[in-house]
Amino acid sequence: MFLAWKEIRYAKMKFLLITGIITLITSLVLSISGLANGLSVDNASAIKNMTADTYVVEKSDTHQLERSNMTAEDIAAVKGGSPLGLRMVEMVHEGKAMNISLFALDPTSSFMPASEESVKLAPYEMLADPSLKKEGVQPGDTFTYQGKTWTIRGFTEKRFSYGHTPAMFTSMETWKDLHGDTPVYQALLFTDKEGADIPLNLDAASKKDILSNVPGYSAEQGSLKMMVVFLLIISAIVLATFFYVMTLQKLHQYGVLKAIGTKAGILLRALFAQISILSILGILAGNILTYGLTHIIPGNVPFDISIGMVLLNSGLILAMAWIGSLLSFRSITKVDPLEAIGGVK
């Protein structure tokens, strides 16, 4: 640590540039991860945050909720569970048309999202995704759809969005009245599928399966996660190059230290401490930079960053820096003191 810190203080500009590069890499990785997480929340948080673990849906090659159509007879054929209705609709609020994912659930079931304030849903009353607050929607506001007036009673505690549209939850009583004598349901919800006798025309799908079949979800997440992986690989290569060049420039000093009896282990620990200090400072600066960016990103950009995601990505970048330092370690262990100080031609 003494050797590492003395050198950092001596060559401030060189190490400041390396720290700056780590800062930019960290900020870029966190920004892309935040965008991926934001798109995930905006596209499928209604599924991710719903407490159901198993969805009984119409049998098909792809288990897409909006394409599943189940009759009342299908629902009655499966013991237990709670029916789910889903429809992508266009509601009018204060003369402005808004795309809405309309969910219908039994208000007494455990699958109905918790609201910010305890409310009971009367016919044609809804709980809304809190993102609608940015649109100026308040409890008591009304929407128009199919000639009916729908009233917002409150907002859900968590984000509930589906297909990049805000979700609204209404009661099953409203859903049946909306469809008349032939109600159509999209799924039957279970906390698990044990004991459920599934007819041949239906399938039991896991939450993960339903989530992966939300339109565009897999493509979005796959592309952005691949970008993060490539960034981490590139960061390892860039940092390995910097640390290796930095080590080559100091082979003479390492040779002198070895010649006077300094053990290779001490030199390796000094380099490891140096790399760790620079990486941790750069990562912390990158976190601060990213946090500052969150305050200037436009509100309509789907960006969501969490402490867990920050810690995970910061840990991966630090690991990439350590992996990148292995090439430098090899140079130190292989250096010949006589060659390094010019004693051998």
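Colleague: To start with the strands, in which sense do S3 and S8 pair, and over how many bridges?

Modeller: This is a predicted model, so to speak: local features need pLDDT of at least 70 and side-chain atom pairs count only at pLDDT 80 or more, while totals for chains, interfaces and linings use all residues. Residues are numbered from 1 along each chain as its sequence is written, and side-chain values use heavy atoms, with hydrogens and water left out. As for your strands, S3 and S8 pair in the parallel sense over five bridges, where two strands pair if DSSP finds at least two bridges between them. Helices (H or I, at least four residues) and strands (E, at least two) are DSSP runs, numbered from the N terminus.

Colleague: And what is the bridge partner of Leu105 in S8?

Modeller: Leu105 has Ser171 as its bridge partner there.

Colleague: How many bridges join S2 to S3?

Modeller: Strand S2, residues 82-93, runs antiparallel to S3 and is joined to it by nine bridges, with Glu90 having Asn99 as its partner in S3. The hairpin of S2 and S3 has two residues between the strands, and Glu94 takes a positive phi near 55° in it.

Colleague: What about S4, which strands does it pair with?

Modeller: S4 pairs with S6 in the parallel sense over four bridges, and with S8 in the antiparallel sense over two bridges. Ala128 has Phe155 of S6 as its bridge partner, whereas Leu127 has Phe169 of S8.

Colleague: Are the faces of S4 covered or open?

Modeller: Both faces are covered, with Glu125 and Leu127 buried on one side and Met126 and Ala128 buried on the other. Buried means under 20% relative accessible area, exposed means over 50%, and partly exposed lies in between, using a 1.4 Å probe and protein chains only. S3 is mostly covered, with seven of its ten residues buried.

Colleague: Switching to rings, how many aromatic pairs are there?

Modeller: The structure holds six aromatic pairs. One of them is Tyr124 with Trp150, which is edge-to-face at 4.8 Å centre to centre, with 80° between the planes. That pair links distant parts of the chain, since Tyr124 is in the loop between S3 and S4 and Trp150 is in S6, 26 residues apart. Rings of Phe, Tyr and Trp (its six-membered ring) pair if their centres lie within 6.5 Å, and planes under 30 degrees apart count as stacked, over 60 as edge-to-face and the rest as tilted.

Colleague: Is Trp150 buried or exposed?

Modeller: Trp150 is buried, because its relative accessible area is 0%, and Tyr124 is buried with 12%.

Colleague: Which residues form the aromatic cluster?

Modeller: Phe103, Phe160, Tyr162 and Phe169 form one aromatic cluster.

Colleague: Last topic, what is the volume of the largest pocket?

Modeller: The largest pocket has a volume of about 660 Å³, a volume being the space filled by probe spheres set on grid points joined across faces, edges and corners. A pocket, on a 1 Å grid over the protein atoms alone with a 1.4 Å probe, is an open set of points with protein on both sides within 12 Å along at least five of seven lines, and lining residues have an atom within 4 Å of a point.

Colleague: Which residues lie nearest its centre?

Modeller: The largest pocket is lined by 25 residues, and Asp42, Ser131, Lys134, Arg159 and Gly299 lie nearest its centre. The largest share of the lining, three residues, comes from H2.
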